[in-house]
Amino acid sequence: MTLLGLPLFGPRRGRFFAAGRSRRRRWFDGVDKLLWWIPLGMIFVAGILIASTQRQAGYADWYQHWVTAAVGMAIALLLARVPVESITRWPWVIYGAMVVSLIAVRVVGVSALGAQSWINIAGFHVQPSEFAKVGAILLLARVLGRHPVERPVDLLRPVAIIGLPWLLVLVQPDLGSSLVFGAVLLVMMFWSGMPGAWVLLFISPVISAIVAGVFPWLLIGWIPAMAYLAWKSLPWKRLAPLAVVAIEAVFSLATPFLWNNFLQPHQRDRLTLFLDPNKDPLGGGYHLLQSTVGIGSGGWFGTGLMQGHLTLLRFIPEQHTDFIFSALGEETGFLGATLVVVGFVVWIWRLLQIAGKARSDVESLVVVGIGAMVMFQVVVNINMTIGLGPITGIPLPWLSYGRSAMLVNFIALGLCASVARRGSAASGRW
């Protein structure tokens, strides 16, 4: 007997379903369960947390978090079967698309929350700066794979390439995403062979600027220390220390002038209020105070999913996006928050394993760049919500609501899965 040409009984029916199982097994061959299940578990919990933040709202679109994740999952599974090096064969196409999309934001972009960072495409707000993060990683992997940073002059190529998209993101203004570009650049250059001392020298002008504005007396020891580090690690023993001292001095002296003349009062408050949010408890410090109260009220085990009191009463603005960790802390407590942090650490540890077994330098650099992107966002977002850092507008990967960020996270996951599959195949485990 058949139905629509398909056998219902007999040996042919068994062969039909066996063939279906075989196709499914081939599709999921080499799937790294740890790499996939940790993000999927976070997404499931995040959907419930987002629904909790919208209980008293006049809208309820929490389910779109899961819908976007389903679309992203399909994209990631397709990318997992495509060699990463075949995607990076056209680096300048990636670069051109990245720059054009960021310029388009300035021309036809949509403004929201004080930044012009979105483009309206068929009724959906797309954030090009999110996709530019992955584009930058692919481009840098190609460049650094061929030209690793082994001499100071080797720094010029990757810095120059990433400088334009970084500037276009910064002027939106999107400080959070611009910081991600910097973190990815440093980690990928270090992975390609740049000495660790150069990493510190690279970021030392920014540290000097911060020290000059907060504890200027520390510059007495900081600048000579950087000069000594330059003398020890750079090839130009006479010129390098002098150049470093000059750069550090310029940043130290320029910071007070730029701080007082180019930043608006609310911008300065946003960067410093985390040190004492009680200075403006009903203004710039409100987010931080309510977030820390919400996390603290969760105690050890939380109030239970969909049971958070501060979340129910919507005390924390934008809680379903940048401040989703506060809902997690309130409703799942210290235990749930710790499990999420451990999950991220295990996921990054798995990425490092995959990078170490990659078949090429390009693939290894792609995985490390993605790990740097995700971990930097995790650290900044969590520190922001618990009051240990300024509010920068960086979402928490997999948990914060946001279509563009979710799709980018899955694109990154698919690229890592592709490297993992090829690495497993090369080692005979596939």
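The largest share of the nonpolar patch, three residues, is contributed by helix α9 (residues 196-214). The model discussed here is predicted.

Me: Which residues form that nonpolar patch on the surface?
Reply: The patch consists of V206, I210, V214, F215, W217, L218 and I220. Together they have about 740 Å² of accessible area.

Me: Where is I220 found?
Reply: I220 belongs to helix α10. Its relative accessibility is 69%, so I220 counts as exposed.

Me: What about F215 and W217, how are their rings arranged?
Reply: The ring centres of F215 and W217 are 6.4 Å apart and the planes stand at 70°, so this pair is edge-to-face. F215 is partly exposed, with a relative accessible area of 44%, whereas W217 counts as exposed at 57% relative accessibility.

Me: Back to α10. How many residues does it have, and what length does it reach?
Reply: Helix α10 covers residues 219-233, which is 15 residues. From its first C-alpha to its last it reaches 21 Å, close to the 21 Å expected at 1.5 Å a residue.

Me: Which of its residues are buried?
Reply: In α10, the buried residues are L219, W222, I223, M226, A227, L229 and A230. Viewed down the axis of α10, the buried residues fall within an arc of 160°, so they line one face of the helix.

Me: And what does the face turned away from the buried side carry?
Reply: That face of α10 carries the exposed residues I220, Y228 and K232. I220 is also one of the residues of the nonpolar patch.

Me: Changing topic: how many salt bridges does the structure hold?
Reply: The structure holds three salt bridges. In one of them, the side chains of R422 and E363 meet at 2.6 Å, N to O. R422 lies in helix α17 (residues 403-426) and E363 in helix α16 (residues 361-385), so this pair ties together parts that are 59 residues apart in sequence.

Me: Buried or exposed, that E363?
Reply: E363 is buried, with a relative accessible area of 0%.

Me: Why does D154 count as buried?
Reply: The relative accessibility of D154 is 9%. Buried means under 20% relative accessible area, so a residue at that value qualifies.

Me: Now the aromatics. How many aromatic pairs are there?
Reply: The structure holds seven aromatic pairs. Among them is the edge-to-face pair of W92 and Y95, at 5.7 Å centre to centre with 85° between the planes.

Me: Where do W92 and Y95 lie?
Reply: Both W92 and Y95 lie in helix α5 (residues 91-108), three residues apart, about one turn of the helix. W92 counts as exposed at 57% relative accessibility, but Y95 is buried, with a relative accessible area of 14%.

Me: Which residues form an aromatic cluster?
Reply: W347, W398 and F410 form one aromatic cluster.

Terms used
Residues numbered from 1 in each chain as written. Predicted model: local features only at pLDDT ≥ 70, side-chain atom pairs only at ≥ 80, totals over all residues. Heavy atoms only, no water. Helix = DSSP H or I, 4+ residues; strand = E, 2+ residues; numbered from the N terminus. Expected span 1.5 Å × (residues − 1). Buried < 20%, exposed > 50% of the residue type's maximum accessible area, 1.4 Å probe, protein only. Arc of directions from axis to C-beta. Salt bridge = Lys/Arg side-chain N within 4 Å of Asp/Glu carboxyl O. Patch = residues over 30% accessible without salt bridge, like charges linked within 9 Å, V, L, I, M, F, W, Y side chains within 5 Å. Areas by Shrake-Rupley, 256 points an atom, 1.4 Å probe, with all protein chains shown as cover. Phe/Tyr/Trp six-rings, centres within 6.5 Å; stacked < 30°, edge-to-face > 60°.
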